[in-house]
Amino acid sequence: MEQREQIHKQINTMIEEGIVWGASYGFGGEGEEEESFYAGVQGAVPPWSSRGLAPGMLYDLASVTKAVGTTTRILQMVQEGRLSLSTCVGDVLGQFRYPDITVEHLLLHNSGLPAEIRDKKTLTPGNILQRLFDTEPGNPPGKRFCYSDPGFILLGLIIKAVDKKSLEEAMRDAVFSPLGMENTSYRPKADMERFIPEEYTQARGCICGEVHDSKAYLLGESGSAGLFSTLEDLMSFVRAFVSRDIRIFHKEIFELLERRQVFGRTLGWSVEYGPHTLYHTGFTGTSILMDMEKRRFFILLTNRIHPTRDNSRFLERRQRLNETWLAGSA
């Protein structure tokens, strides 16, 4: 397809210009050939600069965790009748003091909670949960959109409380294992050569094989970030998602995702590319874009923060890639 050739060309140009060092990406959908591609190398310096990308590479999904893991499990719990969208967060998490905020508000990022926990740089494993519960809403629920990590950390705690399991166990048992996603985990067991390097920091050196997100790093498991996965596993996930596979949700939940949309969001996903699209990105350079009407998908995995997060060109180029792909849906 001409559209796919354009995407190949754009990604190869990004690699040639040093915007990314490599990319694992894939396409597929109803009536389309499913294809995976691995372009470039793992990183900027040895040993990663001499290692080409290949199947089975492990990427830190960052906030794509919110969509693939947390949102999926929460909506499954709604389907199972163990939660409802109108469940008050405080009814599950007794330390949460704001009775008007519901599960739905957290999924839609319109709870009024801020983007971050205050004084983020002073968080420790010992104080992060208390500081989370001390985080005050800046607006009444339902009035404004604010993409909130605290909100999704709370959703992760709700999963743990209702399932009475770790996030790893809850998501593996209900989402990943049924779909054959054997390499998706908060703590994947693999040779270091399979992990894609991330940012170099003064405190942690070159982060590789550990979660990049500082809050997820302190928590060990988080509803907002922290999952690692491979292109192959994510292909399994989105293939099932666009085909409305009952191993993920029943028909009613898929319909709810397309019906319940406010502030350019639906439950746990962005619909910024149109009412029939589901989109989510991760800070590390990961993204999933699905056209639910045409039943098509495009996955892009990079480590755009390697060796530094100062990479503003990537965001504009990724938008261009998404628009190129979406043109094939017209």
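I looked up His 306 first: at 5% relative accessibility it counts as buried (under 20% relative accessible area; exposed is over 50%, partly exposed in between, 1.4 Å probe, protein chains only). I'm working on a predicted model, where local features need pLDDT of at least 70, side-chain atom pairs count only at pLDDT 80 or more, and totals for chains, interfaces and linings use all residues. Residues are numbered from 1 along each chain as its sequence is written, and side-chain values use heavy atoms, with hydrogens and water left out.

I found His 306 in the loop between strand S11 (296-301) and helix H11 (312-327); these are DSSP runs numbered from the N terminus, helices (H or I) of at least four residues and strands (E) of at least two. What does His 306 touch beyond its neighbours within four places in sequence? I get Trp 21, Gly 43, Ala 44, Val 45, Trp 48, Pro 197, Glu 198 and Cys 206, with contact meaning heavy atoms within 4.5 Å.

Next, the cores. I take a nonpolar core as buried Ala, Val, Leu, Ile, Met, Phe, Trp, Tyr and Cys residues joined through side-chain atoms within 4.5 Å. The largest has 71 residues, and Ile 158, Phe 241 and Met 290 touch the most other members. Apart from that core I noted another, of 18 residues, including Met 14 and Leu 321.
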